[in-house]
Amino acid sequence: MNRPRITGEDRHPIVLVIDDNPAIRDMVSWALELDGYEPAEAAEGYEALAWMDNAAREGRYPNVVLLDLAMPGMDGYAFLQHLRTQWELVHPIPSVIVITAGLSGPDAASLGVDSVIVKPFHVRDLLDLIHNLTTPTAA
């Protein structure tokens, strides 16, 4: 899925990391920041939706959402459902990369997301994927 950049060209692309594991959120956010992105973090879906609503009031939207599927509170499946049924009505849908521990889990097409990456993953591979999603393609 090729999506237009959502934030202004003068800003760093925003990547929202939604994972209940604080070590993964910290590691990914640190790598994102070093690579020129603006990371934001949430431990589960409700927290992520609250962050997105607050950011939207400021006219800011995540370019990419990194989403764990298995979380307490609102899991990744429920978050995706809400994104499609509520958020999409008034805001652009960001690119979504699912991060999962399941080797035989769902694929990107069945989830309707841009990509699925399996834990453990190499951070450089994740950053390359994010770069491909946030870099405008030449017409």
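Which strands does helix 2 lie across? Helix 2 lies across strand 1 and strand 2, and runs at about 160° to strand 1. Angles here run from 0 to 180 degrees between N-to-C directions, with axes fitted to C-alpha atoms, for helices over the stretch in contact. Helix 3 packs on the sheet too, touching strand 1, strand 3 and strand 4; contact means heavy atoms within 4.5 Å. Helices (H or I, at least four residues) and strands (E, at least two) are DSSP runs numbered from the N terminus.

Some bookkeeping: this is a predicted model, where local features need pLDDT of at least 70, side-chain atom pairs count only at pLDDT 80 or more, and totals for chains, interfaces and linings use all residues. Residues are numbered from 1 along each chain as its sequence is written, and side-chain values use heavy atoms, leaving out hydrogens and water.

The sheet itself is open, with five strands in the order 2-1-3-4-5 and parallel pairing; strands pair if DSSP finds at least two bridges between them. Strand 2 and strand 5 stand at the edges with a single partner strand each, so one side of each has no neighbour in the sheet.

Last, Asp 19, in the loop between strand 1 and helix 1. Asp 19 is buried at 2% relative accessible area (buried is under 20%, exposed over 50%, partly exposed in between, with a 1.4 Å probe and protein chains only). Residues that Asp 19 touches include Ala 42, Asp 68 and Lys 119.

Conventions: Lists of a residue's contacts leave out its neighbours within four places in sequence.
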